[in-house]
Amino acid sequence: MTVIKNQKSNTYEVRTYYKDWTGVRKQKTKRGFKRKCDAQEWERAFKLKENLSLDMYFEDFVDLYLNDIKSRIKYNTWLTKKHIVEKKILPYFSKKKLQEIKPSDIRQWQNTMMNYRNKQGEGYSQVYLKTIHNQLSAILNHAVNFYDLKSNAARKAGSMGKERTKAGLVDSHAREYGYYPEEWLPEAGTLESAKSYRKRIFPLVKKVANMIQALYSKYLDLKNKNQKLSDRNIDLENRVDRLREEISVIKKENVALLNVAYDMDRVVAVLGENKVKEAIEVAKHLEQVNAKQKGKKRRTDREGR
């Protein structure tokens, strides 16, 4: 790798060669560093990332993770994951080395998330807290399964928040009693033969079992619809967050444009509208002349080759 200074832009750039996963040798160039130490730091992180070293920063591994899963899930799901990771996880772990993240770090992060309150005094919902934790756990689990991280610190730390539904008990009962009533019917009493007992009881129990099956089928339909609506709600919340950020940027740009407009009004007030128009026309003419000269020079250079 080489760190050099671009004299024209007065910035530093890094140039390096690496092999991709197919073994093909490629060049990588990163420009625009204002300080040499920043270029060297990027160089160090790139080496660790290419070598798949667990000493890489968490933010560098997140890049690998998001690229790994992008083609395996729906694009909107990927955008939701990316948004949650960038807004709720990276601000706390970006500059920590992957293998140095401890369960105690996860617990402190969880406390921060659970104690968060907006201007209206509202915190994150239990479902959203669970979703955020699951995203962090999924990243670390990816590192365990595919990059030889020893353990998942998020799993050791324990979860936060609650699942979307508390249907475990219903699932268990419906699965146990909703199918094959022959397997859970009590035996006949000592004074009653099994044949007589089953002949007397089985039709009623079977009818109950059929009702449970029908109810369970309806329950599964509602559960799936609720899951989709919850996922949709989280996706919409993240989209609203992104829109708010975009609106904030647009507002800042509008303020900057208004300042430019006010400055223009001041110039017109001092120099007069006609002189300002003449100056603008002269500037446009010079831009056109310069553009033509550059185009002519490029054509001359090509012909010279």
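**View 1. Val 270 is exposed, with a relative accessible area of 70%.** Exposed here means over 50% relative accessible area, buried under 20%, and partly exposed in between (1.4 Å probe, protein chains only). This is a predicted model, where local features need pLDDT of at least 70, side-chain atom pairs count only at pLDDT 80 or more, and totals for chains, interfaces and linings use all residues. Residues are numbered from 1 along each chain as its sequence is written, and side-chain values use heavy atoms, with hydrogens and water left out. You'll find Val 270 in helix α8 (residues 194-271); helices are DSSP runs of H or I, at least four residues, numbered from the N terminus.

**View 2. Asp 105 is buried, at 14% relative accessible area.** Asp 105 belongs to helix α4 (residues 103-115). Leaving aside residues up to four places away in sequence, Asp 105 touches Phe 93, Lys 96 and Glu 100 (contact is heavy atoms within 4.5 Å).

**View 3. Phe 58, Phe 93 and Trp 109 make up one aromatic cluster.** Rings of Phe, Tyr and Trp (its six-membered ring) pair if their centres lie within 6.5 Å; planes under 30 degrees apart are stacked, over 60 edge-to-face, and the rest tilted. Searching the whole structure turns up 5 aromatic pairs. One of them is Tyr 116 with Tyr 124, stacked at 4.5 Å centre to centre with 15 degrees between the planes. Tyr 116 counts as partly exposed because its relative accessibility is 35%.

**View 4. Lys 70 puts its charged end over the ring of Trp 78.** The distance to the ring centre is 4.4 Å. To qualify, NZ of Lys or CZ of Arg must be within 6 Å of the ring centre and within 35 degrees of the ring normal.

Terms used
Helix = DSSP H or I, 4+ residues; strand = E, 2+ residues; numbered from the N terminus.
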